[in-house]
2 protein chains.
Amino acid sequence: MTTTDTGKTLRLASWAQNTAPSPMQDMLALTARPGLISFGLGLPNQELFPREAFAEASADVLRNKPHTLQYGPAGVAHTLKTSIVELMKGRGVTCTEDEIFLTTGAQQAINMLARLLLEPGGQVLTEEITYPGFLQVLEPFAPELLTVPSCPQTGMDVDAVEALLQAGKRPAFIYSITDGHNPLGSSMSREKREKLARLAREYGVPIVEDDPYGFLSYDEVSVPPLKALESEWVFYAGSFSKILAPGVRIGWLIVPEALIQKLSVVKESYDINTANWSQHSVAAYMESGKLAEHLQLLRREYSARRDTMLRAIEAYFPAETRAEKPSNGMFLWVELPDFVDVPTLLRDAVEHKKVAFFPGQAFDTPGNTKGKHGMRLNFSNATHEQIEQGIKGIGELIEAQRSK
Amino acid sequence: MTTTDTGKTLRLASWAQNTAPSPMQDMLALTARPGLISFGLGLPNQELFPREAFAEASADVLRNKPHTLQYGPAGVAHTLKTSIVELMKGRGVTCTEDEIFLTTGAQQAINMLARLLLEPGGQVLTEEITYPGFLQVLEPFAPELLTVPSCPQTGMDVDAVEALLQAGKRPAFIYSITDGHNPLGSSMSREKREKLARLAREYGVPIVEDDPYGFLSYDEVSVPPLKALESEWVFYAGSFSKILAPGVRIGWLIVPEALIQKLSVVKESYDINTANWSQHSVAAYMESGKLAEHLQLLRREYSARRDTMLRAIEAYFPAETRAEKPSNGMFLWVELPDFVDVPTLLRDAVEHKKVAFFPGQAFDTPGNTKGKHGMRLNFSNATHEQIEQGIKGIGELIEAQRSK
């Protein structure tokens, strides 16, 4: 790609030669346009960050714990681990500090697990429609993807998983966004969770459970994550990005203790250790005991926005539109009628209605087109007024496409 | 490694099955022992962190820039990039903001470049004695290492590099710690820099220049980094860890602009984006203009400690000992007489003298034993009294080994 006057060309690793710029990055640049209503990215609501409490916690840390500006053992802020043990208890997961590894956000957690489990060219089992940031993790491994369909209400098709395992497939791991699926918004039914956990154990295939949205639950009763059902074969990745603030980049893994040392090796090669200062700032915030109340606030605010968006879809989108009400997270998946050309809709929405969303095809695994008529709408980042206005605008553009 | 009651065993990727725990991690645990004098790790001096100025900068950011707790485009805090452009000017490097990519420390910068440039099983050119954290980065690629010797005064044997290239070798990249080499303490001579930069261009082989120590320069005149001599084929990695504080985890890459988009893809798959909050905190500290004075302080303090350590080695180590005076960084490399069993010396030093150092063999590339009689001594982290006491203690143990 770079050619000098000596005529030499820089060789990149083969995976990197044709890798495309990320649609998420493009969207992030797009949504920086002033006045744009964005349902595009999975952004938590900036107005709701517990900024003062966090600033207090962080100032305290710098005042009283100068060692937090130093290097530290990889992934260790014991007080933060203790807070995470407590936090997980509320989800029905029993674990100890020794099974927790702190990471630079959940994305790194997933990346580290892939690094540890996957051979170049190895197999991974995932859904046909899934988080593109996970596919980016896999890209340099050039893996063989085994995919299964998903149900918008009950999540991953676990019978299809079973069929693959029965047919002799043994992927390096199964990737599951169990709650508040990105992009589908679905949460897996209890029955499916139980069966999937059993399959993992029975066939000795680990599950990587990616759970940034599990704590954003809007129903009275929520179903425990896979990790609560199977502690040994489920490797759980959690994150403070959606429940506290993403700018801090702190996440965690819960894995069998035997894996912790292996993770340390990967971690050191990635970024030495998770920022000590950030770890301890989050730890201090957690110790203040304010997270529970903050989570209540987020649940209240986000579920109200979700309901506003569903009402607006009902009012302004064609009757043939299908949209499920998500019990968790920050995404609504909408299936539009077949006549809608979604990429054109996005272009027109940005140009003429100043509103952005993510076209469903961005979430298709390679070779799959199930997301063609879908769109992912984020409901956490916009105001009620913006939601009403934005959905109305998109609805008008859909009607215009119909009449063509 | 994990076997369940169903008799299933967890399969790790093959590189991970036999990977050893990192000696750095072991050392970090060891040096946490109360009362231990550590020359082991490459720790900057905690007492010298500009804690108050940084706390002020960080509090300002949280007060005035709430968006810094949000996600942000990968590697972008424009004001920080502008400060880095200025900082690099002082080293003779001309670059623009568009060539800078912010990372979660220099370790991640190196890791990202390896990811971008190296195929599994590909070739990398490095010195026989080098930074183990770099070898950890390479481990999952199972690369073929091409190694060249190093001179303790003038650095990497560039004639040997030329010979390999002339013989037709085309490594994915050449790895160079040009200033304050870890562990050798050496800084490459101007002549060698010029030749190495020329070779990179001539043969179209990029150089990854790992430069965490370049700003810690103790001579009146310092030689510019490779990046200043060859802007297109040298990819430069810098870090705030040694000049500000490692607990913040902020580093940077300077690469041809054409590579920035590729780096964004890797970055997003690694940890989405470098912590916005930390980036902007460092940016605010840089804007305060206090770094120049802080660097003067570090240079004064660290060079005085280096001199104390050299005097102590002169006084307490055998006459056959060889130690060069490093012009940069935080490490002294010591070649001990052949009769010294270095691992035993370390064990005894920790047990009987409460002092730790890093045995040279920890820095040997696989199959090489040149570090066998070497030791790496860090001089930035201890007080003058500790340096005197620690070196005296090690000297006594060496004499005891001689009389055996």
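Reply: This is a predicted model. A rotation of 180 degrees, with 0.0 Å of shift along its axis, places chain B on chain A with an RMSD of 0.0 Å. That relation is the one given by a two-fold axis. In chain B, the residue that comes closest to the rotation axis is Ala59(B), whose C-alpha is at 3.5 Å. The copies meet through the same surface, because 99% of the interface residues of chain B are also interface residues in chain A.

Now to the part within one chain. Chain A is divided into domain 1, made of 14-49 + 293-402, and domain 2, which covers 65-289. To their contact, domain 1 of chain A gives 32 residues and domain 2 of chain A gives 37 residues. The C-alpha centres of domain 1 and domain 2 of chain A are 25 Å apart. Between these two domains of chain A about 2900 Å² is buried, and carbon and sulfur atoms give 62% of that area.

The polar side of this contact can be listed as well. Between domain 1 and domain 2 of chain A there are 17 residue pairs in polar contact. One salt bridge is found across the interface of domain 1 and domain 2 of chain A. Lys370(A) forms a salt bridge with Glu128(A), and their closest N and O atoms are 2.8 Å apart.

As for covalent links between cysteines, the structure holds zero disulfides over all chains. Cys95(B) is buried, because its relative accessible area of 8% is under 20%. Cys151(B), at 24% relative accessibility, counts as partly exposed.

Definitions and conventions: Residues are numbered from 1 along each chain as its sequence is written. Chains are lettered from A and ligands numbered from 1 in the order in which they are written. This is a predicted model: local features need pLDDT of at least 70, side-chain atom pairs count only at pLDDT 80 or more; totals for chains, interfaces and linings use all residues. Side-chain values use heavy atoms; hydrogens and water are left out. A disulfide is a pair of cysteine sulfur atoms within 2.5 Å. Buried means under 20% relative accessible area, exposed over 50%, partly exposed in between (1.4 Å probe, protein chains only). Copies are superposed by least squares on the C-alpha atoms of residues with pLDDT of at least 70 in both. Contact means heavy atoms within 4.5 Å. Domain bounds come from an automatic or database domain assignment. Buried area is the accessible area (1.4 Å probe) that two parts lose on being put together, summed over both. A salt bridge is a side-chain nitrogen of Lys or Arg within 4 Å of a carboxyl oxygen of Asp or Glu. A polar contact is a pair of N or O atoms within 3.5 Å; within protein, one must be able to donate a hydrogen and the other to accept it, and residues adjacent in sequence count only if both atoms are side-chain atoms.
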